[in-house]
Structures are given as structure tokens and as C-alpha cells.
Amino acid sequence: MTSPTRTTLLACLLGAAFLGPVANVSLAQNPPADHPAVTVKGQTYTPRSILARNMGTPEDQTTQFPPHKIVGNIYYVGTKTLSSFLIVTPQGNILIDSTYERNVKTIEKSITDLGFKFSDVKVLLGNHAHGDHQEGDALVKQLTGAQVMAMAEDVPALKAMKPGGKEHPIDRILHDGEAVTLGGATLIAHLTPGHTPGCTTWTTTVQEGGRNYNVVFSCSLRAPASLTSATVDEMTRSFKLVRTLPCDVQVGDHPAQYNMHEKYAKLQSGGPNPFIDPASCTLEADIQEAMFKAVLAEQPPAARP
Ligand SMILES: [Zn+2]
């Protein structure tokens, strides 16, 4: 049973988890619930373990992860627990997720370490309007002049994100199904709401070794702690939609959502590209949908939307 007070408190805590260092302190003191527990493919998860898995420690959130090629022209340039992806084209590059503003220099370093130029970032896209993914947008825009594009439904939350008082830049407002193109690369923006109203799953196709691969940049499917009938409808639609996307390579806004650390270790030992793994494409959706249903079932019938 979840009392209204507890639900409200949990919603605040989960929301606060994305606001930065101050929130990390409160998260450590008041972690989210350790129930319900769900088991998917032999692994047990609770809301607390999922958030811990996603965020790691404050140090993990700001420590550079070795930048590496994922597949084709797509590279990882984020930290240990906050993803940032670079798509390289002959006419400049696309960056997905600036993460926290304090990580922008680390992302720049990762791009440089790979032999690319930060100033070649021409388009900046986002996963969803939470600070751990898009707080650094204004600084990236300032340093590179990139065009910043955002899903319409996340624009209000992005506009409210003003690190150091900087206005959140938005050069183009996107709608469900629209394409972003640059230098032969095409990314499609799929609206997959629930975690935020404008949560965006990006898809593209890349070539490697003479073959085409479908890549899915998943948006978070972690349900908000407080479920309304609107968010229940959104999450239900999003779980269904992501399962229809052609997928050979799935990545997510947190590396834990696609077992990056494990796959990166495999990458070091040679052999076939471990990121090309169609069988694991819907694992994160399976985990989050199981949790979503368990949370819903835990709500008192009267409180269920
Ligand atoms: Zn989030």
C-alpha cells in the first residue's frame, strides 16, 4: 500500500534526483522505495536499485568513460553513468545529450580524444528534459554554435532549465515522426512520453562492414513515481511503440540501460561488435514495463487511475 503522503514524497525525491548535487545529497538520505521488486531474466530490480543503477555515484556521473565507437559513425562520448552520443558526418556532427553543464568539458575532451573537433558539432539533440541529460545545452550552443532541436512536448521543461541564469536555447521545435538530417545521416524523432511529456526515442540506420544496422537511442522508460491516468496511457503507448522499432543496436540515456560496461569490456577482447545485439533490444523495455505494472498494482484500487 502506498499512502498519498508517501507517493507525493517519492515523486518529489525521484524528481529531485535529476536536479544535481544538492539533490544527490537528499537522494542519499531518502532513496526511493525498495518495493515493488520485479525479476526479469534472472535479475531482480526495485525502484531504488534501478535509480542507483542508472545514476551511480556523483563521481560516476562526472567521470569520463573511455570514448569509443559503438557502430558505423556513432560514438560514445559520455561519462560512466550519463550517456552522450556523437554521430559523425562529412558535414559536421550531431551530439545527443549534453548531460549536466559541468560535464560539457568532459564531453569535449572525449570528442577530441576520438580525433574529432568539438566545434564540428552542428546539431544538438536531447533525450528528455531532465538536468542529467540536457542541462548543458546552453553551454554546448555557446561553445559550438550548434542548432538545438527539441521535441515540442518537452519545450516548457527545457525553457525552465536555466543553469547560471542562461536561457535554454531552442532553434527548432520537433514533432513526433520528424526527421533531422545532416551530411547523409537521418535521425527520426519518436515521441515516447511517460518519463517526461516529450521523451524522445531516436532511430537511425548506419553502415558497418558493408551491412546496414538499425540503431535505437531509447528514451527513459522509467515511469514517474506518481502515476496519473494520463501518464499510464502515455507509458502504455510508449512500451508498445518501442517494441515496433526495427533494432540491431540499442543504446539508452544511461549506460546501464544497455549494459554498456559489459559490452565495452567485450569490445576490448575483440571478436564481433558486442553492441550489435538484436536480442537485447527490448530488455530495458521488459524491465521497465514489469516495474510499471508492479507499481500500478501496488497502488490502492481507489488511487489507481
Ligand atoms: Zn529522467
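This is a predicted model: local features need pLDDT of at least 70, side-chain atom pairs count only at pLDDT 80 or more; totals for chains, interfaces and linings use all residues.
Local features need pLDDT of at least 70, side-chain atom pairs count only at pLDDT 80 or more, and totals for chains, interfaces and linings use all residues. Residues are numbered from 1 along each chain as its sequence is written.

Start with the sheet ordered β3-β4-β5-β6-β7-β8-β9. It is open, has seven strands, and its pairing is mixed. Strands here are DSSP runs of E, at least two residues long, and helices are runs of H or I, at least four, numbered from the N terminus. Two strands pair if DSSP finds at least two bridges between them. At the edges stand β3 (68–71) and β9 (172–174); each has a single partner strand, so one side of each lacks a neighbour in the sheet. Neighbouring strands are turned by 25 degrees against each other on average, direction ignored. Axes are lines fitted to C-alpha atoms, for helices over the stretch in contact, and angles run from 0 to 180 degrees between N-to-C directions.

Within this sheet, β6 (residues 92–96) and β7 (residues 121–125) run parallel, joined by four bridges. Asn-93 stands opposite Val-121 in β7. Helix α7 (residues 137–144) lies across β6, β7 and β8 (147–151), and runs at about 170 degrees to β7. Contact means C-beta atoms, placed from the backbone, within 7 Å.

Now the other sheet. Five strands form it in the order β10-β11-β12-β13-β14; it is open, with mixed pairing. Its edge strands, β10 (179–182) and β14 (249–252), each pair on one side only. Inside it, seven bridges join β12 (residues 200–208) to β13 (residues 211–218), and these two run antiparallel. Thr-203 stands opposite Val-216 in β13.

Terms used:
Two residues are in contact if their C-beta atoms, placed from the backbone, lie within 7 Å.
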